[in-house]
Amino acid sequence: MNAAMTEVWQERADRVQRALDKRFWNESIRMYNIETPCEGGKCNDIFHYWWMAHAVDVLVDGLVRTGDQRYAKRLRDFHEGILARNGGVWPNELYDDMEWMALAWLRAYQATGEPKYKSAVQTLWEDIKTGWNEQMGGGIAWQKSQLDYKNTPANAPAAILAMRLHREFGNPDDLAWGRRIYEWQEANLVDPDTGLVWDGMNRTGNGAIDKDWRFTYCQGVFIGAAVELYRDSGQPAYLEAAMRTFRVVQSEFTAPETGLLPDEGGGDAGLFKGILIRYLAELARSAPEAGDVAAFIAAQAEAAWRSQDDVEELPLFGTDWGRRPEPDETVQLSAQLSGAMLLEATAELKPGLRG
C-alpha cells in the first residue's frame with residue numbers, strides 16, 4: 001500500500017470512529033446506545049455487556065492507531081459507565097462475556113497504563129478460571145448456570161486471554177492455562193479433517209457437538225488462540241492450524257460471486273464478522289509471508305466501503321457489508337462495531353494491504 005492509500009484508509013477509519021461517537025455515544029449513561037436512532041435512550045432496555053466490551057476494543061484500536069487522547073478520555077468515561085450499569089462489579093453470569101471484557105481492558109491497560117483497567121482484568125480472570133471443570137473432559141463452561149455445556153465462545157477467547165496475560169505479566173500459571181484451554185478446544189471442537197471450528201458440545205445434555213452451527217466468530221477466535229500459542233512458542237504447528245482454519249473461511253464462508261463474508265443477522269451475530277477480522281489481522285501480522293490473509297481483509301474493506309457510495313455523511317454499517325443501510329433503517333451497535341473493526345484492521349495493516 002502506497003503512502004497515499006495509507007492516508008486514505010486512516011481517514012476512513014477516523015470517519016467510522018466519528019460515526020460511532022456521534023451516532024451512538026450516550027453521555028447520560030456513559031455508554032453507547034445499542035442502536036441508532038435511539039430517541040431519548042429508550043433502546044437501552046437491555047444491557048449488552050459483551051457488545052460494550054467490543055466497543056472498548058474499538059476505542060483502543062483508535063487510540064493505538066492515532067495516539068489521540070480523546071480516545072483515552074472516552075475509555076475513562078466508558079469504564080465508569082459499564083461498571084455502574086453492571087451493578088458496580090465486573091463479573092457476570094456468562095464466561096465468554098467476561099473474557100471479552102477482560103481482553104478489552106487488558107488492551108486498554110497496555111495502551112494507557114491505567115491501573116484500574118489492570119484491576120478489572122485481574123478480577124475477571126479469577127472469575128473466568130472458575131468455569132473450568134472436568135465435565136466433557138475439561139474446558140470452560142459457557143455460563144454459570146450450565147456448567148456441562150462447553151463451547152468455542154467460552155474457550156478460544158480464554159486461551160487468547162491467558163496467553164496475553166502471560167506475555168504481559170510473566171505468570172507461568174497463565175501460560176499453563178492458555179495451553180490447557182487451547183488443547184481442549186483443538187481436541188474437542190475443531191474438525192480434524194478440515195480445520196472447521198464447531199460451536200459447542202453438550203448444549204442439550206446429550207454430549208452431541210453442534211456441527212451445524214457454523215459461525216465466522218468461532219473460526220476467528222480459534223485462529224486468534226492458535227496465533228497466541230505460536231507467538232509464545234514459535235512452533236509452526238500452531239500457525240499451520242490457524243492457516244488451515246483461514247482456508248475454511250475462504251472456501252466455506254464467502255460468497256463465490258462476491259467474495260464477501262456472509263450476513264449472519266443482527267443482534268449478537270452482528271459482531272461475528274468483526275471478531276473474525278480482528279483475529280485474521282493478528283494472523284496477518286504473525287505470518288506476513290501469507291499475504292492472502294491481508295488481501296482477504298482488504299477485499300472485505302474495499303467492498304464494505306464501496307457500499308457507502310462515497311457519501312459525505314458518517315458511514316454506517318449493517319450486517320451485510322455489500323450494502324449501506326437505508327436512511328430510515330435502524331442500525332445496531334453490534335453491526336457498526338464490526339464495520340469499525342474492519343476499517344481499523346485495514347488501516348493498521350497498511351504495509352501488507354493493496355490499495
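Modeller: Before you ask anything, one term: a polar contact is a pair of N or O atoms within 3.5 Å, and within protein one of them must be able to donate a hydrogen and the other to accept it. Also, keep in mind that this is a predicted model.

Biologist: Got it. Which backbone oxygen does the side chain of Gln336 reach?

Modeller: Start with where we are: Gln336 lies in helix H12. Its side chain has a backbone nitrogen in reach, that of Phe317, at 2.8 Å. The backbone oxygen that the Gln336 side chain reaches, at 3.1 Å, belongs to Pro315.

Biologist: And is Gln336 buried or exposed?

Modeller: Look at what surrounds the residue: leaving out residues up to four places away in sequence, Gln336 touches Val16, Ala19, Leu20, Phe24, Pro315, Leu316, Phe317 and Val331. Its relative accessible area is 0%. Buried means under 20%, so Gln336 counts as buried.

Biologist: Over to Asp191, then. Why does Asp191 count as buried?

Modeller: Asp191 sits in the loop between helix H7 (172–189) and strand E6 (200–201). Not counting residues up to four places away in sequence, Asp191 touches Leu196, Trp198 and Arg244. The cut-off for buried is under 20% relative accessible area, and Asp191 falls below that because its relative accessibility is 14%.

Biologist: Which residue has its backbone nitrogen 2.8 Å from a polar atom of the Asp191 side chain?

Modeller: We are still in the loop between H7 and E6. A polar atom of the Asp191 side chain lies 2.8 Å from a backbone nitrogen, and that nitrogen belongs to Asp193.

Biologist: What separation do the C-alpha atoms of Asp191 and Trp9 have?

Modeller: Along the chain, Asp191 and Trp9 are 182 residues apart.

Biologist: Which residue in E6 does Lys150 stand opposite?

Modeller: Lys150 is in E5, where it stands opposite Ala141. E5 is also joined to E6 by two bridges, again antiparallel. In E6, Lys150 stands opposite Met201.

Biologist: What about open space: what volume does the largest pocket have?

Modeller: The elements giving two or more residues to its lining are helices H2 (49–66), H4 (95–112), H6 (152–169), H8 (216–233), H10 (272–286) and H12 (333–348). The volume of this pocket is about 450 Å³.

Biologist: Which residues lining the largest pocket are the closest to its centre?

Modeller: The lining divides into six nonpolar, one polar and 13 charged residues. Of the 20 residues in the lining, the closest to the centre are Asp61, Arg107, Arg278, Glu282 and Arg285.

Biologist: Last one: about how much space lies in the largest cavity?

Modeller: The count comes to one cavity of 30 Å³ or more. Residues lining the largest cavity include Asp263, Lys273, Trp321 and Ser338, and the lining divides into two nonpolar, five polar and three charged. The space inside is about 50 Å³.

Definitions and conventions: Residues numbered from 1 in each chain as written. Predicted model: local features only at pLDDT ≥ 70, side-chain atom pairs only at ≥ 80, totals over all residues. Heavy atoms only, no water. 1 Å grid on protein atoms, 1.4 Å probe; cavity = no way out; pocket = protein on both sides within 12 Å on 5 of 7 lines; lining within 4 Å. Points joined across faces, edges and corners; volume = space filled by probe spheres on them. Nonpolar A, V, L, I, M, F, W, Y, C, P; charged D, E, K, R; others polar. Helix = DSSP H or I, 4+ residues; strand = E, 2+ residues; numbered from the N terminus. Buried < 20%, exposed > 50% of the residue type's maximum accessible area, 1.4 Å probe, protein only. Contact = heavy atoms within 4.5 Å. Pairing = 2+ DSSP bridges.
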